[in-house]
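Q: Please examine a single part of this model closely, with the criteria stated as you proceed.

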Amino acid sequence: MIQQFKDKIELYAYQTIKEGKIECGDSYYYTATDDYFVCVLADGLGSGQYAHEASAAVVSVVEQHHHEDVDTLMKYCNNVLVQKRGAAVSIFKVYFETREFVYSCVGNIRFFLYTSNGKLTYPLPVTGYLSGKPQVFHTQRFVYEPESKFLIYSDGFDNIHGAKTILKGYRSVGAIAEQIKSEYANSMDDATFIVGSLL
């Protein structure tokens, strides 16, 4: 389903569960205020109940504290995973007035930002996962142009190739989402993607 926030961002989120499982090991959350948009995607290790428990804990802590900066949110996520399964976690925050993207990730979640002038940004994640142990975060900042698009996905969609080709041009968020759903479906793992356009 396509959602729009504050006439500043439009997005489409899609998720499937690993075949044979009842609960999804991926969780996500996003919200917008007048000043910013924030999004978190968490992929609990493995699949099923304990993976879901880990990723849901991450999403819950971001939902409670989304006003904090990205570094602080990553620390909260790490802390909440003590004695849980662990999770790959990606958080980004978009500041509307300064047109700035702040991004941090630990683990195998992929993120692409494609600006309207044709530049593709692919911040490299820190390898590993969050589990409550001391962790170094690599938070990065980018500026974006109006009509820029972004795509973030868990490793259930790791067969996606050519992100630039998928995101370029004047295609709608809905059209991009339908292409990903039809060409890169995967029932062998929990899989989540979120595609958005910054208006």
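Which residues have the most contacts inside the largest nonpolar core, and how many residues does this core have?

A: This is a predicted model, in which local features need pLDDT of at least 70 and side-chain atom pairs count only at pLDDT 80 or more, while totals for chains, interfaces and linings use all residues. Residues are numbered from 1 along each chain as its sequence is written, and side-chain values use heavy atoms, with hydrogens and water left out.

The largest nonpolar core has 25 residues, and those with the most contacts inside it are Phe-37, Phe-92, Phe-101 and Phe-150. A nonpolar core is here a set of buried Ala, Val, Leu, Ile, Met, Phe, Trp, Tyr and Cys residues joined through side-chain atoms within 4.5 Å; buried means under 20% relative accessible area with a 1.4 Å probe, protein chains only. Among the elements that give two or more residues to this core are β4 (36-44), β5 (87-95) and β6 (100-106), strands being DSSP runs of E with at least two residues, numbered from the N terminus. A second, separate core of 22 residues includes Val-38, Val-61, Met-74 and Val-89.

Phe-101 touches, among others, Phe-92, Phe-111, Phe-142 and Phe-150, not counting residues up to four places away in sequence; contact means heavy atoms within 4.5 Å.

Strand β5 is mostly covered, with eight of its nine residues buried. It pairs with β4 in the antiparallel sense over nine bridges, where pairing requires at least two DSSP bridges between two strands. Within β5, Lys-93 is the bridge partner of Val-38. β5 also pairs with β6 in the antiparallel sense, over seven bridges, and Ser-90 stands opposite Cys-105 in β6. Four residues lie between β5 and β6 in their hairpin, and Arg-99 in the turn has a positive phi of about 50 degrees.

Terms used
Buried means under 20% relative accessible area, exposed over 50%, partly exposed in between (1.4 Å probe, protein chains only).
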